[in-house]
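Keep the viewer open as you read.

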Amino acid sequence: MSVLTRDEAQTRAQLLDVHHYTIDLDLTGGDETFGSRTAIRFTVRSGTGSTDTFVEVKPAELRSVTLDGRPLDPGALDGNRLPLTGLAPGEHELRVEASMRYSRTGEGMHRFTDPSDGETYVYTQLFLDDVQRVYAAFDQPDLKAVFALTVTAPEEWTVLANGVTEHTGGGVWTAAPTPPVSTYLVAVAAGPWHSVRAEHRGLPFGIHCRRSLAPHLEADADELFEITRACFDRYHEKFTEPYPFDSYDQAFVPEFNAGAMENPGLVTFRDEFVFRSAVTDTERQTRAMVIAHEMAHMWFGDLVTLKWWDDIWLNESFAEYMGYQTIGEATRFTDIWTDFGVARKAWGYNADQRPSTHPVAPENVEDTASALLNFDGISYAKGASALRQLVAWLGEKDFLAGINLHFERHRFGNATLADFIDSLAAATERDVHTWADAWLRTTGVDTLTPRVTGDNGGRLLTVERTGSRPHRIAVGLYDQDLTDEGRLSLRERLDIDVPQSEPRPIGKRPALIVLNDGDLTYAKVRFDAESFRTLAATLSGLPGPLTRAVVWNALQDAVRDGELPVTEYLETARAHLPHETDLALVDGVLTFATTQVARRYVTPEQRPAALAVLAELCRDLIRRTEDGDHPGLRLIAVRHRISTATQPDTIAGWLAEGTVPGGPELDPELRWRVLTRLSVLGAVGEVEIAAELAHDPSATGREGAARCRAALPDAGAKDRAWAAMFDSDELSNYLFTATAQGFWQPEQAELTAEYVARYYPDAVALAARRGPAMAEAAGHGAFPVYAVDPETLRLGRECLDTDGPTPALRRKLVDQLDDLARALRVRGIGTD
């Protein structure tokens, strides 16, 4: 299959104006394929002469093609391109009839049968170039058109689409035509949905899920609608352009590869957001942010769309920033920037320090395959951080004036970085062009370090920068509390522009200096020696969760850079985390400590001691929450206590009793979590796994069973799991990932050693055979992440030296091998 290049897209956009698609999908033809008929009305611009171009389609069978009523040869299809030759200037109509394959990988038209009740659901995920798996299209974002959609489905199904749908009888559903939108934004979700409907500001709102999840959706419906309405109203306060579509549906769909997709009028979410087990308030906050993020896309991405994929940040960075900002302003989740600092920003920092880093707004995205690689922590978290810094620099009033001008200028059209910067420049006197060059066209992370000079009566503070970007930051000066030596109090928060014109007087030496206090810029921060000594004793006494998030991120980054010994990080966590009150911080620190420090950064000989420290920390948190006043904190502690268990007795007792003493009761998520750990430890086998699956025959239960079976410390279990992942194409995207999660375990290094060398050729073959989504799953979930040794690195580098890996797999391997080399360096092992 050919990928579309930037040059080809620009050439085609100069030749064509695309006006209207009429799409007719037939979902009644069986489990493997569906019918697709497409009529495209387009114009060849005058002055071009006779024109040759192509339309994209990836059919199981191309049945017929006509151009202006004249039959074309279906056999002319070359891969995914159907040539259109000798086109004269003027109006044309292309009709394409094809049979298309359903997907089991979350791409194109994904088909899923719920094991709970046997009901089947289908939905589209057409980003970035998977449109061609569903209908024929001039598939590039700047050839917008109106879409009129008809779907024939089984009689008992409901069909959702971008516009309001009407059932006209006989299983036929017609969707209201869209305004001009890009091809990748067309959406269909069909099946026996459970739906809850409402109305807001005269628009129909709906939330939808599988029937088997209906009780759980009903339990959260009020919260979901409350958040949706609050975000909708807040965006209308910020934006002068009203919501541009005729309805707002949110469908929670199975086996979804992303968190969500911003299809106009029909946002699709992974249905793990329909919580069927207990969750923390931080997880509810994350769901709320995703709702806000996707709604922001109705303006950033859907109303005004990038012209080409080099400007994906114009979609994702803005939706990320607006999602967090709006949730913090409009809902009860007022501390959400702490979660951003802990969970999302660390993602950006990690991505930006790998060889695969790229600018927020790269200048040379040559084709769609390259574009797909840029959906990472840089386009999301770093871009959002850059925008947060821009707002701090410009002021929100000028920032909003600029983006509203941008919407006005490019409504239902396409725009570039240059267009956006021009809109901002029209709303401010500041030099945003220079700012954009410094922040959006560069790579890497600046490092900020405090330096204190002078005597104690007149200390001077200089913020030293390694890097090139300008930063507007707050610097927190903290003194030891006179009444409680374990607590710190804020003396003063200074606003400083970096680079500084001159040192800033700070008077008496503070006990602690925190750079980037409030987390308004994107930079690594370091501490001077006295501040670091203060933190070791009083970190938990530092007021403000966002300040503590900045500190924990700095400590985490110092561990990754080999500047802070892992034992010191664990000791700091052991000393201070039992006193932490912010759930996002507790979960973030424990997750880094368990998944990175205890499983990768310590040696096998050090691992038992590291797990013992973390298990004792979790026990402290469990004891602290016995009063029942902190259920979220207790749930986090229980989850991590399970994952750090080195002996089965305690957690096996929980499973047998169905509860942790004092709570919580073991719901399905916790039962599978315990069973997975018991499988790793060899304390259960197929009998127990099969019994649990019989008790919970849901899709999540099926994934839990696959994870447990792959985790068993048995050569036969490992061989069966490997064959299921790499020798067969039967596993769906979710079942593949679950199997991969169970397969590699640090306790089983000897048992899985033979598979390390097999991984590289088998992953290459799978990626070539099953496409980008499965390539990403193989590169991320199935990588031998716990085989931290030079041989794993050597084999990986040899693989990268060949032409075998597809672009999606290659990018994942580059990142994984860089993380592996970092882990080896933290262990003190050379990687050259």
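Which residues does Ser-531 touch, not counting residues up to four places away in sequence? The model is predicted, and in it Ser-531 touches Arg-509, Ala-511, Leu-512 and Ile-513.

## Ser-531 in helix 11

To find Ser-531, look in helix 11, which covers residues 529-538. Its relative accessibility is 0%, and because buried means under 20%, Ser-531 counts as buried.

Ser-531 and Trp-439 lie 92 residues apart along the chain, and 29 Å separates their C-alpha atoms.

## Ala-558 in helix 12

Let us move on to Ala-558, which has its place in helix 12 (residues 545-560). Is Ala-558 buried or exposed? With a relative accessibility of 10%, Ala-558 counts as buried.

Once neighbours within four places in sequence are left aside, the contacts of Ala-558 are Arg-526, Glu-563 and Leu-564. Of these residues, Arg-526 is 32 residues from Ala-558 along the chain, and the two C-alpha atoms are separated by 8.2 Å.

## His-358 in a loop

His-358 belongs to the loop between helix 5 (336-352) and helix 6 (368-372). This histidine is buried, with a relative accessible area of 7%.

With neighbours within four places in sequence set aside, His-358 is in contact with Asp-352, Asn-374, Asp-376, Ile-378, Ser-379, Thr-443 and Arg-811.

## Helix 15 and its partners

Helix 15 is made up of 18 residues, 607-624. From its first C-alpha to its last it reaches 26 Å, close to the 26 Å expected at 1.5 Å a residue.

Which residues of helix 15 are buried? They are Arg-607, Ala-610, Leu-611, Leu-614, Ala-615, Leu-617, Cys-618, Asp-620, Leu-621 and Ile-622. The list includes the charged residues Arg-607 and Asp-620. The packing partners of these buried residues are helix 13 (566-576), helix 14 (583-601), helix 16 (631-643), helix 17 (649-657) and helix 18 (668-680).

## The whole chain

Stepping back, the protein chain has 26 helices and 28 strands. Its radius of gyration is 27 Å, close to the 28 Å that the globule rule gives for 832 residues, so the chain is as compact as a globular protein of that length. Taken along the principal axes, the box filled by the C-alpha atoms is roughly 85 × 70 × 55 Å.

Of the 832 residues, 59% count as buried. Among contacts between residues at least 6 apart in sequence, 71% join residues at least 24 apart. The accessible surface comes to about 30400 Å², and 49% of it belongs to carbon and sulfur atoms. As for charge, there are 83 positive and 124 negative side chains, and the centres of the two sets lie 3 Å apart.

Terms used
Residues are numbered from 1 along each chain as its sequence is written. This is a predicted model: local features need pLDDT of at least 70, side-chain atom pairs count only at pLDDT 80 or more; totals for chains, interfaces and linings use all residues. Side-chain values use heavy atoms; hydrogens and water are left out. Helices (H or I, at least four residues) and strands (E, at least two) are DSSP runs, numbered from the N terminus. The expected span of a helix is 1.5 Å times one less than its number of residues. Buried means under 20% relative accessible area, exposed over 50%, partly exposed in between (1.4 Å probe, protein chains only). Contact means heavy atoms within 4.5 Å. The radius of gyration is taken over C-alpha atoms; the globule rule is 2.2 Å times the number of residues to the power 0.38. Accessible areas come from the Shrake-Rupley method with a 1.4 Å probe; for residues, only the protein chains shown count as cover. The place of a charge is taken as NZ of Lys, CZ of Arg, CG of Asp or CD of Glu.
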